[in-house]
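Work through the exercises below with the coordinates open. Each task is followed by a solution in steps.

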Amino acid sequence: QVQLVESGGGLVQPGGSLRLSCATSGSIFSVYPMNWYRQAPGKQRELVASITSGGSRNYADSVKGRFTISRDNAKNTVYLQIDSLKSEDTAVYYCNVNFMTITGRRDYWGQGTQVTVSS
């Protein structure tokens, strides 16, 4: 059983920063890439950042230079540091891991954490 629990969201002024955390259970953390998605009101969920088990990172163009994804394998936790927040960053942020098994793809999601950027 894989469980993902996000935390760290909140209300922040434009230009501010937040650090989101995603604590995981199960034995998959150190093996698979971890992802952060976000979903703004009325929009589709989008992938914003990924990190492989070896630490290689990828970002959506819209967040490059402002978001930093990291992972602590000893704590089974992945982080998303968000700097220079903009109103368009307002969304529910979700932690995700997905992988293939012999019976098909498996997708696991956390419950999400709300980030609201407003003055």
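## Exercise 1: A buried charged pair

Asp89 and Arg66 are both buried. The model is a predicted one.

Task: determine how the side chains of Asp89 and Arg66 meet, and which parts of the chain they tie together.

Solution. 
- Step 1. The two side chains form a salt bridge, with an N to O distance of 2.7 Å.
- Step 2. Asp89 sits in the loop between β8 (77-82) and β9, and Arg66 in the loop between β6 and β7, so the pair ties together parts that are 23 residues apart in sequence.
- Step 3. Asp89 and Arg66 also belong to a network of salt bridges that includes Arg38 and Glu46.

## Exercise 2: Other salt bridges

Task: state how many salt bridges the structure holds, then describe the one between Glu46 and Arg38 and the one between Arg105 and Asp107.

Solution. 
- Step 1. The count for the structure is 5 salt bridges.
- Step 2. In the pair of Glu46 and Arg38, the closest N and O atoms are 2.7 Å apart.
- Step 3. Buried means under 20% relative accessible area. Arg38 is therefore buried, at 6%, whereas Glu46 is partly exposed at 32%.
- Step 4. For Arg105 and Asp107, the closest N and O atoms are 2.6 Å apart. Arg105 is partly exposed with a relative accessibility of 47%, and Asp107 is partly exposed at 34%.

## Exercise 3: Arg71 without a salt bridge

Task: find which backbone oxygens the side chain of Arg71 reaches, given that Arg71 is buried yet has no salt bridge.

Solution. 
- Step 1. Arg71 belongs to strand β7 (residues 67-72).
- Step 2. The nearest side chain of opposite charge is that of Asp72, 8.5 Å away. A salt bridge requires a nitrogen and a carboxyl oxygen within 4 Å.
- Step 3. The Arg71 side chain comes to 3.3 Å from the backbone oxygen of Ile51, and one of its polar atoms lies 3.0 Å from the backbone oxygen of Thr52.
- Step 4. Beyond four places in sequence, the residues that Arg71 touches include Phe29, Tyr32, Met34 and Val78.

## Exercise 4: Arg57

Task: decide whether Arg57 is buried, partly exposed or exposed, and list its side-chain polar contacts to the backbone oxygens of Gly55 and Ile69.

Solution. 
- Step 1. Arg57 is in strand β6 (residues 57-59) and is partly exposed, with a relative accessible area of 42%.
- Step 2. A polar atom of the Arg57 side chain lies 3.4 Å from the backbone oxygen of Gly55. For the backbone oxygen of Ile69, the distance is 2.6 Å.
- Step 3. Not counting residues up to four places away in sequence, Arg57 touches Ser50, Ile51, Ile69 and Ser70.

Notes. Residues numbered from 1 in each chain as written. Predicted model: local features only at pLDDT ≥ 70, side-chain atom pairs only at ≥ 80, totals over all residues. Heavy atoms only, no water. Helix = DSSP H or I, 4+ residues; strand = E, 2+ residues; numbered from the N terminus. Buried < 20%, exposed > 50% of the residue type's maximum accessible area, 1.4 Å probe, protein only. Lys, Arg positive; Asp, Glu negative; His and termini not counted. Polar contact = N/O pair within 3.5 Å; in protein donor to acceptor, adjacent residues only side chain to side chain. Contact = heavy atoms within 4.5 Å.
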